[in-house]
Amino acid sequence: GPGKSGAVSSFVKMIEGYCNRFPDDDLTVMCAPGSPLAKLARLGNCHVEIVGRWLPREAYLLGAGDIAVRRLNRARRFDVFWTVNVGLYFPSDLPQVLTVNNAHQVYPPDPAVPHPRSRLRVLLLRGLFRRSLRLSSAVIVQTPLMKKYLQEIAGCTPHVAVVPKAVVAEQTTSEN
């Protein structure tokens, strides 16, 4: 199901490390019911908000998530909104950093490697992703190739950083 990939496990470990390293910082994590991110609530400086309990996931894909973010921001006053693969769809005063690890959203469609979802759903997801991308202040990707393709998308912020997976970074360091 959604939110159960290896990328989410890495994200959980990264947030745990951040919260332990910076105990005075206060993080709020928004996630779907059943997401591994929910276990971050055990950390004293990480608040977990479960979203999408009563709405289908598609409603969040069409902008209901923006409403939840705005409501939480009024209560907590975020410094930055950091999203994974998709973010806000409507302009906001809140700076948004988008982490992209879904190649289907960035790479040109490849007929030899079809997406497991319907063509209509993939087109919708790609369109919504591009809208989020145009509203992002900065983007983090895992590879230089992903950065190249991302920067070819109209409206992409010039602030795109490549941060490889920890395993890749460790292998690169040990080979030097």
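Which side chain meets that of Glu49 in a salt bridge? In this predicted model, the partner is Arg76, with N and O 3.0 Å apart. The pair ties together distant parts of the chain, since Glu49 sits in strand S2 and Arg76 in helix H2 (residues 57–76), 27 residues apart. Arg76 is partly exposed, at 32% relative accessibility.

The structure holds three salt bridges. Another of them joins the side chains of Arg42 and Glu16 at 2.2 Å, N to O. This pair, too, links distant parts of the chain: Arg42 belongs to the loop between S1 and S2, whereas Glu16 lies in helix H1 (residues 6–21), 26 residues apart. Arg42 is exposed, with a relative accessible area of 54%, while Glu16 counts as buried at 16%. Glu152 also forms a salt bridge, with Lys148, at 3.0 Å between the closest N and O atoms. Here Glu152 is exposed at 53% and Lys148 partly exposed at 42%.

The loop between strand S1 (27–31) and strand S2 (46–50) also contains Ala32. Ala32 is partly exposed, at 39% relative accessibility. Beyond its neighbours within four places in sequence, Ala32 contacts Ile50 and Val51; the C-alpha atoms of Ala32 and Ile50 are 5.5 Å apart, although 18 residues separate the two in sequence.

Key. Residues are numbered from 1 along each chain as its sequence is written. This is a predicted model: local features need pLDDT of at least 70, side-chain atom pairs count only at pLDDT 80 or more; totals for chains, interfaces and linings use all residues. Side-chain values use heavy atoms; hydrogens and water are left out. Helices (H or I, at least four residues) and strands (E, at least two) are DSSP runs, numbered from the N terminus. Buried means under 20% relative accessible area, exposed over 50%, partly exposed in between (1.4 Å probe, protein chains only). Contact means heavy atoms within 4.5 Å. A salt bridge is a side-chain nitrogen of Lys or Arg within 4 Å of a carboxyl oxygen of Asp or Glu.
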